[in-house]
Amino acid sequence: MWTSSRTIPSIHINQLRQNTETTTYTPSPTTTTPIQPSIPASTTSDQRQQTLLQKSVYNVASAAAHGNKSDLQTAMNLFNGLIAKGIPHETIVTVFGKRGDYERANTFLDQLQEKGIPLTTQTYNILINTFGKKGDLETAMKLTNGMTEKGVYPNTVTYNTLISLYGKKGDCDTAVKLLDRMTENGVPQNTITYNTLINVFGKKGDLDTALKFFNLMIPKGIQPSTATFNTLIGLFAKKGDTATAAKLYNDMIVRGISPNDITYKIMNNRTH
């Protein structure tokens with residue numbers, strides 16, 4: 001077991017940006033166009049009919065997303081048939097998201113409610129992710145903020161998606177604010193939440209903050225994963241800090257977390 005020559009301060013999420021003291025790693029004690037579905041030859045008659053109906057909705061919804069208002073109602077009529085067959089309405093919602101058509105997507109959501117079809121967090125998560133991947137983070141956030149007005153609430157996946165999207169854009173401040181918002185709203189955080197933040201700050205070159213997020217995990221009852229350690233080991237190895245990379249690897253073993261091929265590749269490369 002090794003000890004650090006520097007003391008790691010007590011960390012609070014809102015203090016991360018203000019805390020300028022360098023953090024060292026301390027091991028813990030031992031503890032656009034929709035893809036139309038193909039129809040496999042082996043499918044039954046009912047399955048083929050269902051797939052054809054789904055394909056029709058893709059085509060009609062795509063036309064509606066291009067601006068043909070009359071096709072929107074046609075899409076809704078076809079949609080009713082899909083519901084009866086157990087196909088989710090996310091099929092159409094995704095098309096509007098891929099077209100970047102927020103207004104039409106929102107109109108469609110309103111029509112669903114008027115028909116008594118409950119909106120779900122999953123529906124919004126699909127739209128948020130779709131708009132976000134197109135680079136439209138403003139709309140992704142607008143959708144998130146508008147969920148509660150329709151009686152739907154963000155969950156862990158919603159926030160993890162947003163943290164990842166803003167992190168990839170390089171907006172680390174907003175990523176941290178989203179974590180704060182999860183805490184304030186009582187939304188559970190998980191390993192993916194922290195892995196994302198560790199990766200975001202690590203790629204920015206801020207390994208101190210990446211480690212601070214790692215050090216927050218265990219006190220919150222969130223267990224690091226193989227991916228958590230692979231990210232940290234890789235970051236320190238890339239920086240040339242092979243000693244810390246080795247300590248992280250040893251702590252990984254002590255915790256009983258199994259290395260994988262990626263771990264071994266990183267460890268082998270650090271010595272070359």
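This is a predicted model: local features need pLDDT of at least 70, side-chain atom pairs count only at pLDDT 80 or more; totals for chains, interfaces and linings use all residues.
Colleague: What is the mean pLDDT of the chain?

Modeller: The mean is 78, and 65% of the residues reach 70 or more. Two stretches fall below 50. One is residues 1-14, which has 27 contacts in the model beyond near neighbours in sequence. Another is residues 30-40, with 20 such contacts.

Colleague: Why are helix 5 and helix 6 called roughly antiparallel?

Modeller: Helix 5 spans residues 121-133 and helix 6 spans residues 137-146. They pack at an angle of about 165°. The label applies to angles over 145 degrees. Helix 5 and helix 6 are therefore roughly antiparallel to each other. Their axes are 7 Å apart, and the crossing is left-handed.

Colleague: Which residues make that contact of helix 5 with helix 6?

Modeller: Helix 5 contributes Y124, L127, I128, F131 and G132. From helix 6 come L137, T139, A140, L143 and T144.

Colleague: How many residues of the contact of helix 5 with helix 6 are nonpolar, polar or charged?

Modeller: Seven are nonpolar, three are polar and none is charged. Gly counts as polar here, and G132 is one of the contact residues.

Colleague: What makes helix 5 roughly parallel to helix 7?

Modeller: Helix 7 covers residues 156-169, and its axis crosses that of helix 5 at roughly 5°. Angles under 35 degrees count as roughly parallel. That makes helix 5 roughly parallel to helix 7. The two axes come within 10 Å.

Colleague: Which residues of helix 5 and helix 7 meet?

Modeller: On helix 5 they are T121, N125, I128, N129, G132 and K133. On helix 7 they are V157, T158, T161, L162 and L165. By class, this contact has four nonpolar, six polar and one charged residues. Lys counts as charged, and K133 is in the contact.

Colleague: Why are helix 11 and helix 13 described as roughly parallel?

Modeller: Helix 13 is residues 261-269, and it packs against helix 11 at an angle of about 15°. The limit for this label is under 35 degrees. Helix 11 and helix 13 are therefore roughly parallel to each other. Their axes are 10 Å apart, and they cross in a left-handed sense.

Colleague: Where do helix 11 and helix 13 meet?

Modeller: T226, N230, I233, G234 and A237 of helix 11 meet I262, T263, I266 and M267 of helix 13. The contact divides into five nonpolar, four polar and no charged residues.

Colleague: How many aromatic pairs are there?

Modeller: The count is three.

Colleague: Why is the pair of F214 and F229 edge-to-face?

Modeller: Ring centres must lie within 6.5 Å to pair, and planes over 60 degrees apart count as edge-to-face. The centres of F214 and F229 are 5.5 Å apart and their planes stand at 75°, so the pair is edge-to-face. This pair links distant parts of the chain, with F214 in helix 10 (residues 207-217) and F229 in helix 11 (residues 226-239), 15 residues apart.

Technical notes
Residues are numbered from 1 along each chain as its sequence is written. Side-chain values use heavy atoms; hydrogens and water are left out. Axes are lines fitted to C-alpha atoms, for helices over the stretch in contact, and angles run from 0 to 180 degrees between N-to-C directions. Helices (H or I, at least four residues) and strands (E, at least two) are DSSP runs, numbered from the N terminus. Angles under 35 degrees count as roughly parallel, over 145 as roughly antiparallel, 65 to 115 as roughly perpendicular and the rest as oblique. A crossing is left-handed if the near helix is turned anticlockwise from the far one by less than a right angle, and right-handed if clockwise. Contact means heavy atoms within 4.5 Å. pLDDT is the predictor's confidence in each residue, from 0 to 100. Rings of Phe, Tyr and Trp (its six-membered ring) pair if their centres lie within 6.5 Å; planes under 30 degrees apart count as stacked, over 60 as edge-to-face and the rest as tilted.
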